[in-house]
Amino acid sequence: MRLQGTGVSHGCALGPVHRVTRTVDEPSVAPRPSDSETGPELERFHAAAAAVADSQEAAARTAQSTARDVLEATAEMAADPALLAIANRHIQDGRLTAERATWEATGELRARLEAVGGYLGERAADIDDIRDRIIAALRGGPLGITLPTTPSILVGETLSPTDTAGLDPDTVLAIVTTNGGAQSHSAILARTLGIPAVVGADAHVVDIDDGTQLFVDGSTGVLSDDPTEDERDRAVQFSAERSAAPVLTSHGELACGTRIPLLANVGSATEAKAAAESGAEGIGLLRTEFLFLDREDEPTVVEQTEVYAEIFSHFPGLPVTVRTLDAGSDKPIPFIWGSRDEPNPALGMRGFRTHSFAPEVLERQIEAIARAAKSATAEVKVMAPMITTPKEAVRFAALVRAAGLDSAGVMIETPAAALCAESVLEPVAFASIGTNDLAQYTLAFDRELNDYEELQSARQPAILRLIDAVIVGARRADDGDARAGDESRAEARANPRPVSVCGEAAADPELAVVLVGLGVSTLSMSAPALPRVAARLAEVTLEQARESALQALDGTLWTDDGANAMASDIEPEAGTGTGTGTGTEAIRRTIHVTAPTGLHARPAALLARAVKALDAEITLRRPGNEATASATSVMDIMGLGIDPGHDVEVSASGPDAAAAVAAVEAAATGEA
């Protein structure tokens, strides 16, 4: 028997059928008894939805790359405000059970996406997965599939993203489903895993008995339980090719073999664990503010030690660079400042400068880092933010040495430190360049604003020349050590002071090439950016990177109509009210969408998650369409049907309005 479907993941396979089923029975439409209370039913529903969101988040933490992104998106869907609101209405007004309310709510949301059609129509299957999982949780049972233990062909009506993300390519030779489309999350994950897949297959495929040998062509969609000799040969050939395929890596190496370690920027123990699982070669920037923010008192040395030790444990034998508390500016800490007021916090007592009036806080933090480092095998380094003068570098290095740590470094974030890099770096062992603040202070433009993004780009020649000055200064500091006969720097020439970039400029693959060409020794970025930066670096030699760096320094590498110039049309309005920082803002903006999948599942989920953490009200609208969406709802955003090439109108208000608009920009342009 030869059947046909739609091939969505390249490759051929031949193996025994393993049938899978993962649907739940439709709940009864009967309303709850008239004397039943609504409160407990609402609690049941919200507890089940939260449990599903938590389980998806947990699965995401152990997944890799694309699978992690997909699982995080489905977790956001399970906790989506639109889903919760519709289900609440059915429970309260319709007196439905939590199970039936879930069925109805997800059905309404599914219909919205199907009405949009195309790519988003295929996202509707993800809502079915959330529906089934919440209902299964309400019924007290797990939802999943029985996977084969020997190499087999999975055959069924559908597979959820969670099911697909957990598949082992060694035991799953191919996937065949009667439902789904080429852009379904299951199809995307199959392609990521390198598993041949066919969707929309003839319904008769589910009637094939378990154990029957089935040929699957993931390119043409052909299925056969009586394959030709040529088809058998192709399946054998593909299997051999897949076995020999190189493993994707997050490690940095140029085409000429030069190693450029790629590290991760993290801001919590959870992020550290995820970065380790993503293949990061260490932590280049551990932001420690998460321990200090949103609390009235300072965390104890014991509390800090426990958290640092957990983070260090994820990187045995690898470097972990801890940035001491970067308090001030947009991160005020009440127990440090008290009633202290500054007219311009960005140019005030932030970072290491707070040591001048609250020295005990920094000293206790360094003590905690030192305690955690004693029992760790990670290579622990400590750096101070906002070091501007050689005198500050000397003071910080002395504090680190006094705590028993032997690797002190500084953040280079001001033009003053960059231009005097030789003397600033002499007292310390390494430097890390924070390109976000360096751009802000060099170009005299607040990093929190979005009006004139050309003045926030690290691609600006002025920024690159300062980075070049830091690298030159580091080499001169090494030469000075060698000339002075400093025993601790005896190998200075062979092992020069490393200079890293830990600003998000490192996550720009093209800019990463330039940074390597300038002489940066390591790059640190958000973990999801590691593979794409690694892939780009693997395409160039060190000589080519140096040539790109020369062109970037004189401004000829990027033109004004390229990525270096992104003029915006923000229209700020006068706002009233109070809030942290600059007060309440109201912003309107139209953003052109260039993300490969538009504002669909993953970009929408990332946007919703980012906006939920901000103090802002933000709505989205597609020009020409009266419908609006809350930026906190994945379902609402997807329902707008915003594809690549479309525009999205953004309206934001509140203290964090500018940051919220920036989050939309990042999602819309694929930078989130």
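Analyst: Here is a short tour by topic. Keep in mind that this is a predicted model.

User: Sheets, then. What order do the strands of the open sheet take?

Analyst: The order is S1-S8-S7-S3-S4-S5-S6-S2. That makes 8 strands, with mixed pairing.

User: Which strands stand at the edges?

Analyst: Strand S1 (2–4) and strand S2 (6–9). Each has a single partner strand, so one side of each lacks a neighbour in the sheet.

User: And what does the twist average from one strand to the next?

Analyst: It averages 30°.

User: Back to S2. How many bridges join it to S6, and do they run parallel or antiparallel?

Analyst: There are 3 bridges between S2 and strand S6 (residues 197–199). The two strands run antiparallel.

User: Which residue stands opposite Gly7?

Analyst: Val198 in S6.

User: OK, the barrel. Which strands close it, and in what order?

Analyst: The barrel is closed by 8 strands, ordered S9-S10-S11-S12-S13-S14-S15-S16. Here the pairing is parallel. Neighbouring strands are turned by 25° against each other on average, direction ignored.

User: Give me one pair from it. What joins S14 to S15?

Analyst: Strand S14 (residues 430–433) and strand S15 (residues 499–501) run parallel and are joined by 3 bridges. Ala431 stands opposite Val499 in S15.

User: Which strands does H19 lie across?

Analyst: Helix H19 (residues 530–537) lies across strand S9 (262–266) and strand S16 (522–525). H19 runs at about 155° to S9.

User: Now helix on helix. How do H10 and H12 cross?

Analyst: The axes of helix H10 (residues 301–313) and helix H12 (residues 359–374) come within 8 Å. They cross at roughly 45°. H10 and H12 are therefore oblique to each other. The crossing is right-handed.

User: Which residues make the contact?

Analyst: From H10, they include Val301, Val302, Tyr308 and Phe312. On the H12 side, Arg364, Glu367, Ile369 and Arg371 are among them.

User: Last topic, cysteines. How many disulfides does a search of the whole structure find?

Analyst: The search finds 0. For reference, a disulfide is a covalent bond between the sulfur atoms of two cysteines.

User: What about Cys12, buried or exposed?

Analyst: Cys12 is buried, at a relative accessible area of 9%.

User: And what is the relative accessible area of Cys256?

Analyst: For Cys256 the value is 43%. Cys256 counts as partly exposed, because that class lies between the 20% and 50% cut-offs.

Technical notes. Residues are numbered from 1 along each chain as its sequence is written. This is a predicted model: local features need pLDDT of at least 70, side-chain atom pairs count only at pLDDT 80 or more; totals for chains, interfaces and linings use all residues. Side-chain values use heavy atoms; hydrogens and water are left out. Two strands pair if DSSP finds at least two bridges between them. Helices (H or I, at least four residues) and strands (E, at least two) are DSSP runs, numbered from the N terminus. Axes are lines fitted to C-alpha atoms, for helices over the stretch in contact, and angles run from 0 to 180 degrees between N-to-C directions. A disulfide is a pair of cysteine sulfur atoms within 2.5 Å. Buried means under 20% relative accessible area, exposed over 50%, partly exposed in between (1.4 Å probe, protein chains only). Angles under 35 degrees count as roughly parallel, over 145 as roughly antiparallel, 65 to 115 as roughly perpendicular and the rest as oblique. A crossing is left-handed if the near helix is turned anticlockwise from the far one by less than a right angle, and right-handed if clockwise. Contact means heavy atoms within 4.5 Å.
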